[in-house]
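Work through the exercises below with the model open. Each task is followed by a stepwise solution.

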2 protein chains.
Amino acid sequence: MNIGNASERSGLPTKTIRYYEDIGLLKPDRADNGYRDYSMSDVHKLRFLQRSRGLGFSVEECRQLLALYEDKDRASADVKLMAQSKLREIDRKIIELRELQHTLNHLVAHCHGDQRPDCPILENMSGKG
Amino acid sequence: MNIGNASERSGLPTKTIRYYEDIGLLKPDRADNGYRDYSMSDVHKLRFLQRSRGLGFSVEECRQLLALYEDKDRASADVKLMAQSKLREIDRKIIELRELQHTLNHLVAHCHGDQRPDCPILENMSGKG
DNA sequence: TTAATCTTTCCAGTAACTGGAAGGTCAAGG
DNA sequence: CCTTGACCTTCCAGTTACTGGAAAGATTAA
């Protein structure tokens with residue numbers, strides 16, 4: 001599959017896909033004409049990168065996450081430790097998103113453009129430390 | 001409050017805090033000695049920025065989110081529309097995080113370093129389109 | 001008063017893309 | 001066969017969002 005097709009399926013711009021190849025996140029085959037040739041597995045990885053990047057994980061963290069299922073030589077304990085650390089991060093992110101959600105809901109429901117400097121939203125907004 | 005203190009309370013490096021001021025996200029007072037002087041409101045904003053940036057929102061999106069409770073002149077309908085759009089984004093992010101969580105849990109539970117190229121995780125990993 | 005620890009500005013470097021030029025490839029229509 | 005347009009290639013420059021470091025002023029503690 002050509003890069004344009006992989007782009008559509010993954011939701012990533014072609015520029016970004018080539019960039020991810022440059023920094024060694026994936027290595028698609030090449031057709032005889034020199035075009036990159038993406039497998040479904042490549043597309044899965046790209047889609048995964050698209051998601052995890054959008055959720056605030058750095059490229060290096062994404063590289064580690066990809067390694068979790070790619071690196072077959074890694075010891076099981078290492079994999080588990082790494083995955084569990086990421087799971088805790090994800091838990092925290094979900095909680096933060098729920099708080100943000102709550103704050104915005106509150107804003108929509110109660111502050112019709114007339115909020116004062118001491119608007120209670122300001123308190124929730126910060127997550128209170 | 002000095003920048004170091006604001007940094008501790010917000011979780012943002014001082015460098016980043018100054019950068020956010022450069023690009024006009026907040027404007028702390030200045031003490032007589034020239035030091036920046038952060039109010040609790042400033043710290044709330046910084047903490048909010050720290051969170052929303054970490055959750056994958058761009059600086060410009062964060063600027064809009066901040067505007068949601070700062071811009072008292074904005075019409076209520078506009079505020080609601082914007083907030084609701086952000087709420088849908090947040091919903092999507094939470095779903096994606098849950099899927100990622102599910103994938104990692106599956107990895108920890110079932111793939112002890114012996115996963116094959118056709119490992120079922122690969123399917124889930126990509127969110128199936 | 002001196003040393004350590006702030007703080008300031010400025011400027012350069014990095015991370016993660018993003019846009020554009022210059023050119024090769026391919027599928028469709030005349 | 002030839003052309004046109006949509007693809008693809010590489011390369012290089014620009015942008016976003018920081019990040020590090022230098023040089024110098026301010027504050028605190030001994």
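**Exercise 1: a helix and its buried face**

In H1(A), A:Ile3, A:Ala6, A:Ser7 and A:Ser10 are buried (under 20% relative accessible area, 1.4 Å probe, protein chains only). Helices are DSSP runs of H or I of at least four residues, and strands are E runs of at least two, numbered from the N terminus.

This is a predicted model: local features need pLDDT of at least 70, side-chain atom pairs count only at pLDDT 80 or more, and totals for chains, interfaces and linings use all residues. Residues are numbered from 1 along each chain as its sequence is written, chains are lettered from A and ligands numbered from 1 in the order written, and side-chain values use heavy atoms, without hydrogens or water.

Task: Explain why the buried residues of H1(A) line one face.

Solution. 
1. Look down the axis of H1(A): the buried residues fall within an arc of 105°, so they line one face. The arc is taken from the directions from the helix axis to the C-beta atoms.
2. An α-helix has 3.6 residues a turn, so residues three or four places apart point the same way.
3. The cover includes H2, strand S2 (36-37) and helix H3 (40-54) of chain A, by contact (heavy atoms within 4.5 Å).

**Exercise 2: phosphate contacts**

Solution. 
1. Apply the cut-off for a polar contact here: a pair of N or O atoms within 3.5 Å.
2. A:Arg18 comes to 2.9 Å.
3. A:Arg30 comes to 3.3 Å.
4. B:Asn33 comes to 2.8 Å.

Definitions and conventions: A polar contact is a pair of N or O atoms within 3.5 Å; within protein, one must be able to donate a hydrogen and the other to accept it, and residues adjacent in sequence count only if both atoms are side-chain atoms. Buried means under 20% relative accessible area, exposed over 50%, partly exposed in between (1.4 Å probe, protein chains only).
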